[in-house]
Amino acid sequence: MSKIDYNIFLIGFMGAGKSTIARSLVQKLNFPLIEMDERIVKEQGMPISEIFDRYGEEHFRDIESELVKTIGTLEPSVVSCGGGTVLRPENVENMKKSGKIVFLTATPQTIYERVKNSSDRPILNGHMNVPYIAELMEKRRPVYEGAAELTISTDGKSREEIADEIIRRLEE
Ligand code: S3P
C-alpha cells in the first residue's frame, strides 16, 4: 500500500507533461484521474478557447477556482491542473489543504515542441514561438516555485521515470 492518501496536483507550464504524467501516476497508484481542462470543457460544453473568447480569461479562472474547491471534497485523485491554475493564491491554498503540489518543469524549447501544433491554448495564440514561451515561463516561474512542494524536471526522462520519481519522493 502506498503512503499517499491525498490529492496529487500536477502543476507547470502548458506542455510540461502534466496530462501525460498524470496518466502514468493513476495507473501506478490506482487513483482516479481529474483533468481540470477536460472537465471544464465538458461542463461548459465548449472548448477553452471559446470560453476565453466569449467570457474572458477571468471567467475561466473563476470556473477553475470553483473546480479546485470541489476537488478538495472528493476522494484522493491525481489532478492534472491547467497551466494557470496556481496563478490565484486562493487556489494554491485550497490545493495544499487536500494534497501535495508537484511542479513539472521543461525547457522552453521542449515546451514549444510539445505545444506547437495545438490551437486550443488561447494564452499562446499568436505567440507560438520559443522566445515568447521563455518570457512567459520566466514571469510565471516564481508563482510555480512558490506553490511547489516538489519540483521535477522532465527533460530527457521517460514518463515512467518521472512518475516513479514523483511517487518515491512523495513517499520519502
Ligand atoms: C493555461 C493553460 C491551459 C488551459 C488554459 C490556460 C495557462 O492548460 O488551462 O488554456 O494559463 O497556462 P494546459 O497547461 O493543460 O495547456
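Is Asn30 buried or exposed? I looked this up and found Asn30 exposed, because its relative accessible area is 70%; exposed means over 50%, buried under 20%, and partly exposed in between, with a 1.4 Å probe and protein chains only.

Before going on, I noted that this is a predicted model, where local features need pLDDT of at least 70, side-chain atom pairs count only at pLDDT 80 or more, and totals for chains, interfaces and linings use all residues. Residues are numbered from 1 along each chain as its sequence is written, and side-chain values use heavy atoms, with hydrogens and water left out.

**Asn30, continued.** I placed Asn30 in the loop between helix 1 (18-29) and strand 2 (33-35). Helices (H or I, at least four residues) and strands (E, at least two) are DSSP runs, numbered from the N terminus. Asn30 is not a glycine, yet I read a positive phi of about 60° for it.

**Gly146.** Next I went to helix 7 (residues 130-147), which holds Gly146. Gly146 counts as exposed because its relative accessibility is 52%.

**Strand 4.** I then turned to strand 4 (residues 99-105), where five of the seven residues are buried. Strand 4 pairs with strand 1 (residues 7-11) in the parallel sense, over five bridges; strands pair if DSSP finds at least two bridges between them. One bridge I looked up puts Asn7 with Gly99 of strand 4. Strand 4 also runs parallel to strand 5 (residues 150-153), joined by four bridges. There I found Thr105 opposite Ser153.

**The ligand.** How many residues surround the ligand? I got 13, and the closest are Lys18, Asp37, Arg61, Arg121 and Arg140; a residue is near if one of its heavy atoms lies within 4 Å. I looked at some polar contacts too, meaning pairs of N or O atoms within 3.5 Å. A polar side-chain atom of Arg121 is 2.6 Å from a ligand oxygen. For Arg140, a side-chain N or O atom lies 2.7 Å from an oxygen of the ligand. Gly84 uses a polar backbone atom, 3.3 Å from a ligand oxygen. Taken alone the ligand exposes 380 Å², and the protein buries 95% of that; these areas come from the Shrake-Rupley method with a 1.4 Å probe.

Terms used
Polar contact = N/O pair within 3.5 Å; in protein donor to acceptor, adjacent residues only side chain to side chain.
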